[in-house]
Amino acid sequence: MTQNTNREEQILVSITGQDRPGLTASVMAILARYDAEILDIGQADIHSTLSLGILIRTNEVNSGQVMKELLFKATELNVNIGFSPISDEEYEDWVSRQGKHRYILTLIGRSLSARQIAAATEVVASQGLNIDSIIRLTGRKSIKDVNKKVRACIELSLRGTPADRSQMQADLMRIASQMDIDFSFQRDDMFRRMRRLICFDMDSTLIQTECIDELAERAGVGDQVKAITESAMRGEIDFKESFTQRVKLLKGLDVSVMQEIAENLPITEGAERLMSVLKRCGYKIAILSGGFTYFGEYLQRKFGIDYVYANELEVDEDGKLTGRYVGEIVDGHRKAELLKLIAQVEKVNLAQTIAVGDGANDLPMLSEAGLGIAFHAKPRVVANAKQSINTIGLDGVLYFLGFKDSYLGEQGRM
């Protein structure tokens, strides 16, 4: 009986040690000589320490010689090497798991500790998800050059189906509030990688103030208007009603004060970096605001924003505010409508849209968008949002989109 010499087998090759140029090429040259098939390959480099895994399939007649040559090469390169046989059944089981859903869990903070990562990964494990890979999106942190605006972000690629996605979301948001960390949990599909339209609230999102409060201060009714504003943002009173009440209190204010306010608007940390990157990458950008058109158009000119929808204050022939507004109020419902309208005009699938806001009137557009982000938001908004940013600036949105500092030629510091 003739022995079958064509039997194939799988071998997992694991290499660790000091990284150096040409190491992977040397290993591949040996595998190429024996015409080994690469079934899987992955490499990570942490602090110049290499971890390389290669799953090969080769004729069992050649496998001994392949391992021998790889062992000699590893000794020459001063790295550690190990070999693990993988049975056909084990390999097929691994292949069958590839069809499972994939998710991306993004963790952001000023810094990330083992305690924070442990809490997040415990939630992942409790939901029956497997971590396929972990990558760092931010640059490396200096331990000598202390900088208040340093950011830390890692991205976990997960496989499987959460046992209870809403519970997982709730657990992550609870950890976020308790441990000073931000999360985004997204389905890893083509839409996540192809976002095209982003819509921002303006007041307390793109800028760190409420423009109506600034106007009210100049009109001498600051306390009255601020109280109504805060109540509206908490969702305690209807936005349209609160808006009408506040605008009425501005009657008689000279319109010239709007220019002085606009020129001194406190821009939110990270906004300029975020806008610069989004424009370079071809995103369409919109402001959908319950504030005022004058200030939205000022930011439009400053950042090259594509669309601005806000509220128009009525001005009399003497250049004074009448205490009334012109046209339809941009409230929460209108913001959601506008997001869908702009997406339709730009021929963008809703799953490719992003919305960012802080107030209760932003909730409709946050839930309508493919990715809704509560930014330094009120408690009610955070409780109803799927992801939020509370620990860093507005450019944290970039990490939820999968950008790495290295893509931008940066090291993670402003």
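Predicted model: local features only at pLDDT ≥ 70, side-chain atom pairs only at ≥ 80, totals over all residues.
Student: How are the axes of α7 and α8 placed?

Tutor: Take the distance and the crossing angle. Helix α7 covers residues 222–233 and helix α8 residues 239–248. Their axes come within 10 Å and cross at roughly 170°. Angles over 145 degrees count as roughly antiparallel, and α7 and α8 are therefore roughly antiparallel to each other.

Student: Where is serine 231, and is it buried or exposed?

Tutor: Serine 231 is in helix α7. Burial is read from the relative accessible area, and under 20% counts as buried. Serine 231 has 11%, so it is buried. Leaving out residues up to four places away in sequence, serine 231 touches Glu236 and Ile237.

Student: What does the contact of α4 with α5 look like?

Tutor: Helix α4 (residues 114–126) and helix α5 (residues 165–179) pack with their axes 10 Å apart, at an angle of about 170°. These two helices are therefore roughly antiparallel to each other. On the α4 side, the contact uses Arg115, Gln116, Ala119, Ala120, Val123 and Val124. These meet Met168, Asp171, Leu172, Ile175 and Met179 in α5. The contact of α4 with α5 divides into 8 nonpolar, 1 polar and 2 charged residues.

Student: How many aromatic pairs does a search of the whole structure find?

Tutor: The search finds 5 aromatic pairs. For each pair, look at the ring centres and then at the angle between the planes. The rings of phenylalanine 243 and phenylalanine 292 have centres 5.9 Å apart and planes at 45°, so this pair is tilted. The pair links distant parts of the chain, with phenylalanine 243 in helix α8 and phenylalanine 292 in strand β10 (residues 284–292), 49 residues apart. Both phenylalanine 243 and phenylalanine 292 are buried.

Another pair is tyrosine 294 with phenylalanine 295. Here the ring centres are 5.5 Å apart and the planes are at 75°, so the pair is edge-to-face. Tyrosine 294 is partly exposed, at 34% relative accessible area, whereas phenylalanine 295 is buried, at 0%.

Student: Which residues form one aromatic cluster?

Tutor: Phe239, Phe243, Phe292 and Tyr325 form one aromatic cluster.

Student: What lies over the face of phenylalanine 303?

Tutor: For a charge over a ring, check the distance to the ring centre. Lysine 302 lies over the face of phenylalanine 303, at 5.6 Å from the ring centre.

Student: Which residues have a positive phi although they are not glycine?

Tutor: Aspartate 35 and histidine 376 are two such residues. For each, read the angle, the place and the exposure. Aspartate 35 has a phi of about 55° and sits in the loop between α1 (23–33) and β2 (37–46). Its relative accessibility is 68%, so aspartate 35 counts as exposed.

Histidine 376 has a phi of about 40°. Its place is in the loop between β14 (371–375) and α14 (379–384). At 37% relative accessibility, histidine 376 counts as partly exposed.

How values were computed: Residues numbered from 1 in each chain as written. Heavy atoms only, no water. Axes fitted to C-alpha atoms, helices over the stretch in contact; angles between N-to-C directions. Helix = DSSP H or I, 4+ residues; strand = E, 2+ residues; numbered from the N terminus. Parallel < 35°, antiparallel > 145°, perpendicular 65-115°, else oblique. Phe/Tyr/Trp six-rings, centres within 6.5 Å; stacked < 30°, edge-to-face > 60°. Buried < 20%, exposed > 50% of the residue type's maximum accessible area, 1.4 Å probe, protein only. Lys NZ or Arg CZ within 6 Å of the ring centre and 35° of its normal. Contact = heavy atoms within 4.5 Å. Nonpolar A, V, L, I, M, F, W, Y, C, P; charged D, E, K, R; others polar.
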